[in-house]
Amino acid sequence: MNPIIPKYYDPIEKRTYEADSCMPLRQAWNNDEFELTTLARGTYPGKRLKNDELEGIKSIGFWDIKKLQNWGLEWHTNEGIEICFLENGSLDFLLRDNLVKVQTNDITITRPWIIHKLGNPNVNLSKLYWLILDVNVRYPHQQWEWPDWIVLNPKDLDELTLKLRQNEQPVLKANREFRNCFIEMGRIIKQENKIKYDSRLKVQINNLLILLLEILNEGNIVLDQSLIESKRTVELFLNVLESKTDEDWTVIKMAEYCHLGVTRFTHYCKEVTNCSPMEYLNKLRLRQAAKLLGENPALPVIDVAFMCGFSSTQYFNFAFKKHFSISPNKFRKK
């Protein structure tokens, strides 16, 4: 089976979020609405990075918006740690229900796979720099793996990793050195056709991370151990599971997706849901079936059963009646 992430299903909003495709930004850029200067991989817009350049970087660059825009970056995630710096202007930055007004000289830090939004609803006039660096994690409890060209002292890198992984404070204030470092990276990217940018940018990124560690230390950041525990990985997986009820799940497959043993996965599942993994999956499947029966009166019951992951109509009818105290056909009529 294909990896379940990079997608995150929010059971509250009933929506699935994927790693950012930057489509609104890409369209506005193609229409020459603003300046966009980036080096990128994957779905991110910009000049394509070669395999042997800036390994691990998903996107690095800046935008310079000098006229009103009619777009924003809707709820999305990034597969890497995202560090942004606002040189000029202001932006609305949202994490779930938390709206933060980002001002000049602010830094925003978003951990991998954290849902966020930029613009409320539209982005403002602004000059924003960013760095998205993949640290090879798909679950909160996994250890971060930095690219080999990150050459901080191991003790310093461990401290930086700890504070980035356990930090829930999304906005910090940049100092002059940090500001100049991002601006210099932007200058290098803008001149990439004239200079050898790979080594220059790697030096600047290492310097940026050192400066970021100093800023984090000066800011007296409160660390939250729960952000990187295995239980959080299981919680995120169970949220995703609601949009994947049609797949052929077993407890072993669920545990494998979370990179956990079956016993440990089952323990956390029961702690979060008060059900065993398969009990919880069946409840999700039955809830989805009830929704389909109500919204699609012409859809045969057998199709509803298979669409929701049940292997037979007999078991589906039995489970549905046991859960709702009524058969699927009577439920639909009622």
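Me: What are the ground rules for the values, and how are residues numbered?
Reply: This is a predicted model in which local features need pLDDT of at least 70 and side-chain atom pairs count only at pLDDT 80 or more, while totals for chains, interfaces and linings use all residues. Residues are numbered from 1 along each chain as its sequence is written, and side-chain values use heavy atoms, with hydrogens and water left out.

Me: Why is Cys-308 called buried?
Reply: Buried means under 20% relative accessible area, exposed means over 50%, and partly exposed is what falls in between, with a 1.4 Å probe and protein chains only. Cys-308 has a relative accessible area of 0%, so Cys-308 is buried. Of the 334 residues of the chain, 51% count as buried.

Me: What makes Asp-52 exposed or buried?
Reply: Asp-52 has a relative accessible area of 55%, which is over 50%, and so Asp-52 is exposed. Asp-52 is placed in the loop between β4 (47-48) and β5, where helices (H or I, at least four residues) and strands (E, at least two) are DSSP runs numbered from the N terminus.

Me: What makes a set of residues a nonpolar core, and which residues have the most contacts inside the largest one?
Reply: A nonpolar core is a set of buried Ala, Val, Leu, Ile, Met, Phe, Trp, Tyr and Cys residues joined through side-chain atoms within 4.5 Å. The largest such core has 43 residues, and those with the most contacts inside it are Ile-60, Trp-146, Leu-160, Phe-178 and Ile-205. Among the elements that each supply at least two residues of this core are β5 (57-65), α3 (176-190) and α4 (197-218), and α4 gives the largest share, ten residues. A second, separate core of 25 residues includes Cys-22, Trp-63, Phe-93 and Leu-118.

Me: What does Trp-146 touch?
Reply: Contact means heavy atoms within 4.5 Å. Not counting residues up to four places away in sequence, the partners of Trp-146 include Leu-133, Val-135, Leu-160 and Leu-209.

Me: Why is Trp-113 called buried, and where does Trp-113 lie?
Reply: Trp-113 is in the loop between β10 and β11, and its relative accessible area of 13% is under 20%, so Trp-113 is buried. Trp-113 has a positive phi of about 70 degrees although it is not a glycine.

Me: Why is Asp-32 called exposed?
Reply: Asp-32 has 63% relative accessibility, which is over 50%, and therefore Asp-32 counts as exposed. Asp-32 lies in the loop between α1 (23-30) and β3 (35-40), and its phi is positive, about 60 degrees, although Asp-32 is not a glycine.

Me: Where is there a cis peptide bond?
Reply: A cis peptide bond joins Asn-120 and Pro-121, with omega about 5 degrees, and Pro-121 lies in the loop between β11 (116-118) and β12.
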